[in-house]
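Me: Please examine the following model and answer a series of questions about its geometry.

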Amino acid sequence: MDYFMGIDVSKKTLDLAVLKEGTLVWEQQVENSRKALLGALRLLKQQYSILAANLTVCMEYTGIYNSIALDVFYQNNIKVCLERALH
């Protein structure tokens, strides 16, 4: 089963929302840091059995503010879609 994570990116925080078949499964605000994002991914794996192979992430392109998240997702082989902030 595939999951979709939408992320609202800001300088200090990431607002994460995970959907499965259009239904909200989990949402949380985390610090915009490698440690916090890896902790959220670990939690999703432990509590919901969500693996990198069945997770797709979509977030707005914000330049430097999403660079940490992009690196974390790349290192964990998670599919990412970047959208224009106005889209």
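Predicted model: local features only at pLDDT ≥ 70, side-chain atom pairs only at ≥ 80, totals over all residues.

Me: What is the volume of the largest pocket?

Reply: On a 1 Å grid over the protein atoms alone, a pocket is an open set of points where a 1.4 Å probe fits, with protein on both sides within 12 Å along at least five of seven lines. Grid points are joined across faces, edges and corners, and a volume is the space filled by probe spheres set on the points. For the largest pocket this volume is about 180 Å³.

Me: Which helix gives the largest share of the lining of the largest pocket?

Reply: Lining residues have an atom within 4 Å of a point, and among them are Leu38, Leu41, Arg42, Leu44 and Lys45. Helices (H or I, at least four residues) and strands (E, at least two) are DSSP runs, numbered from the N terminus. The largest share of the lining, 5 residues, comes from helix 1 (residues 34-48).

Me: How many nonpolar residues are in the lining of the largest pocket?

Reply: Ala, Val, Leu, Ile, Met, Phe, Trp, Tyr, Cys and Pro count as nonpolar, Asp, Glu, Lys and Arg as charged, and the others, Gly among them, as polar. The lining includes Arg42, Asn76 and Ile78. By class it has 2 charged, 1 polar and 8 nonpolar residues.

Me: How far apart in space are the C-alpha atoms of Leu51 and Ile78?

Reply: Both residues line the largest pocket. Leu51 lies in the loop between helix 1 and strand 4. Although Leu51 and Ile78 are 27 residues apart in sequence, their C-alpha atoms are separated in space by 8.8 Å.

Me: Which residue forms a salt bridge with Arg34?

Reply: The structure holds 1 salt bridge, defined as a side-chain nitrogen of Lys or Arg within 4 Å of a carboxyl oxygen of Asp or Glu. The closest N and O atoms are 2.2 Å apart. Arg34 lies in helix 1 and its partner in helix 2, so the pair ties together parts that are 37 residues apart in sequence. That partner of Arg34 is Asp71.

Me: Is Leu37 buried or exposed?

Reply: Buried means under 20% relative accessible area, exposed over 50%, and partly exposed in between (1.4 Å probe, protein chains only). Leu37 is in helix 1. With a relative accessible area of 0%, Leu37 is buried.

Me: What is the phi of Asn77?

Reply: Most residues other than glycine have a negative phi. Asn77 lies in the loop between helix 2 and strand 5 (79-83), and counts as exposed at 66% relative accessibility. Its phi is positive, near 55°.

Me: Where is Glu21 found?

Reply: Phi of Glu21 is near 50°, a positive value in a residue other than glycine. Glu21 is exposed, with a relative accessible area of 62%. Its place is the loop between strand 2 (13-20) and strand 3 (23-31).

Me: What area does the nonpolar surface patch of Tyr61, Val80 and Leu82 have?

Reply: Patches are made of residues with over 30% relative accessible area and no salt bridge, where like charges are joined within 9 Å and nonpolar side chains (Val, Leu, Ile, Met, Phe, Trp, Tyr) within 5 Å. Accessible areas come from the Shrake-Rupley method with a 1.4 Å probe; for residues, only the protein chains shown count as cover. Tyr61 is found in the loop between strand 4 (55-60) and helix 2 (67-75). The patch made by Tyr61, Val80 and Leu82 is about 270 Å².

Conventions
Residues numbered from 1 in each chain as written. Heavy atoms only, no water.
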